[in-house]
Amino acid sequence: MWDKILKWLHIRKPQTNEAISQVEVEAAPIYEAGYNQEEKTIVRLISNRRRKTAYQVTGVDDVAAKNNWKGWLYLAPVIVLIAVFLIYPLINTIYIAFTENYQYASGLNDGFTFNNFGVILGLTTTANGARETYFTKYAIPNTFILVFVTVPVSTTLALIISVALNSIKWFQKVLQTVFFLPYVTNAIAVGMVFSVIFDDYGIVNYIFGTNIVWIYGAERWVAMVPLVLYIVWSSIPFKILVFLSGLQGVDKQYYQAAQIDACSKAKVLWRITVPLLSPQILYILITSFIGAFKEYTSVVGLFNGPGTMGKAGDPNMETIVFYIYENLSTKTSFAAAAAVFLFVIILIFTFIQFGVSKKRVHY
């Protein structure tokens with residue numbers, strides 16, 4: 001019976017005269033437990049029986065292993081919500097992107113195709129022989145301009161304002177509230193205010209004594225100015241909040257040492273503050289890039305449509321997300337292909353940022 005339930009292990013002694021260590025393990029003949037002088041081996045007894053009770057450490061049950069099902073039970077509501085509102089829509093969007101003539105209402109389609117991506121990128125034509133030009137002409141360039149202009153500008157301004165607010169002890173709470181107000185203000189309402197400010201007879205033209213058409217009927221590159229200013233102004237408050245929370249956790253000894261060494265404020269900012277805030281900067285950059293790639297409400301708030309002529313005329317201010325919403329019900333397959341294209345672009349930029357953060361971010 002012992003032959004069936006027990007197993008002996010044979011551990012060879014190393015060739016050197018050093019202390020015996022576990023080098024190689026193999027099946028061993030039956031010896032008494034301990035050291036065998038003839039074979040120069042250590043024999044240990046190990047049972048191969050499967051324990052029927054929970055694993056124990058010094059007589060205490062492994063509670064985590066026994067109550068593992070409770071953890072899954074607590075996570076079940078969140079997992080269900082993620083599956084319904086995130087995983088399923090993502091899989092369904094990818095499926096629609098590869099279907100031809102998908103019908104939004106009925107869910108019917110004409111089969112599998114790769115042509116949707118070629119159509120939105122202007123490489124191929126539709127079944128009617130038409131060529132889609134707005135996506136590559138307006139949506140992609142406008143989106144990338146907004147991303148690479150608004151994100152660096154807003155992040156830099158938010159960092160400078162945060163450092164200034166952190167150094168002001170009196171009146172600090174009031175200033176924090178003032179700077180945070182745009183974050184809780186309705187985006188469409190803010191867009192309407194900006195459209196009034198940049199109107200032909202608005203305050204901007206009045207102050208500078210110009211007659212520039214900024215919004216309605218403006219040139220594409222001129223209309224980019226109020227759009228960029230609006231996005232930067234509305235995105236700064238959240239960044240300030242994150243940077244201020246990070247600054248309050250910085251050890252003051254670093255600044256005291258810099259003060260003893262008579263370092264300039266610029267050197268303190270770039271040599272101490274920025275490296276110590278690198279985790280917050282990484283978080284802000286990732287979320288800001290994702291948000292800028294999904295820009296939509298600012299265009300609606302300022303122009304009331306995809307172009308400087310509102311809903312009429314050329315969609316010269318259209319973004320990728322605006323293109324998706326505009327074609328969601330009429331050209332669902334193209335909208336889904338654009339959504340997958342945007343998803344891949346965001347994923348690539350996120351991975352690049354994580355790759356750079358391994359060398360630049362200090363925790």
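Biologist: Where does Leu347 sit?
Modeller: In helix H15. This is a predicted model, so keep that in mind throughout.

Biologist: Which elements give two or more residues to its lining?
Modeller: H3, H15 and helix H14, which spans 320-326.

Biologist: How many residues line the largest pocket, and which lie nearest its centre?
Modeller: The lining has 25 residues, and those nearest the centre are Pro89, Leu90, Thr93, Ile324 and Ala339.

Biologist: What is the lining like by class?
Modeller: It has 21 nonpolar residues, three polar and one charged.

Biologist: OK, salt bridges. How many are there?
Modeller: The count is one. Lys331 pairs with Glu132, and their closest N and O atoms are 4.0 Å apart.

Biologist: Where are the two partners in the chain?
Modeller: Lys331 is in the loop between H14 and H15, and Glu132 is in the loop between H4 and helix H5 (134-167), so the pair ties together parts that are 199 residues apart in sequence.

Biologist: Are Lys331 and Glu132 buried or partly exposed?
Modeller: Lys331 is partly exposed, at 37% relative accessible area. Glu132 is at 11% relative accessibility and counts as buried, because the cut-off for buried is under 20%.

Biologist: Now backbone angles. What is phi at Asn101?
Modeller: Near 55°, which is positive in a residue other than glycine. Most residues other than glycine have a negative phi.

Biologist: Where is Asn101, and how accessible is it?
Modeller: Asn101 is in the loop between H3 and helix H4, the latter covering 115-120. Its relative accessibility is 38%, so Asn101 counts as partly exposed.

Biologist: What about Asn304, what phi and which loop?
Modeller: Phi of Asn304 is near 55°, again a positive value in a residue other than glycine. Asn304 lies in the loop between helix H13 (297-303) and H14.

Note on methods. Residues numbered from 1 in each chain as written. Predicted model: local features only at pLDDT ≥ 70, side-chain atom pairs only at ≥ 80, totals over all residues. Heavy atoms only, no water. Helix = DSSP H or I, 4+ residues; strand = E, 2+ residues; numbered from the N terminus. 1 Å grid on protein atoms, 1.4 Å probe; cavity = no way out; pocket = protein on both sides within 12 Å on 5 of 7 lines; lining within 4 Å. Nonpolar A, V, L, I, M, F, W, Y, C, P; charged D, E, K, R; others polar. Buried < 20%, exposed > 50% of the residue type's maximum accessible area, 1.4 Å probe, protein only. Salt bridge = Lys/Arg side-chain N within 4 Å of Asp/Glu carboxyl O.
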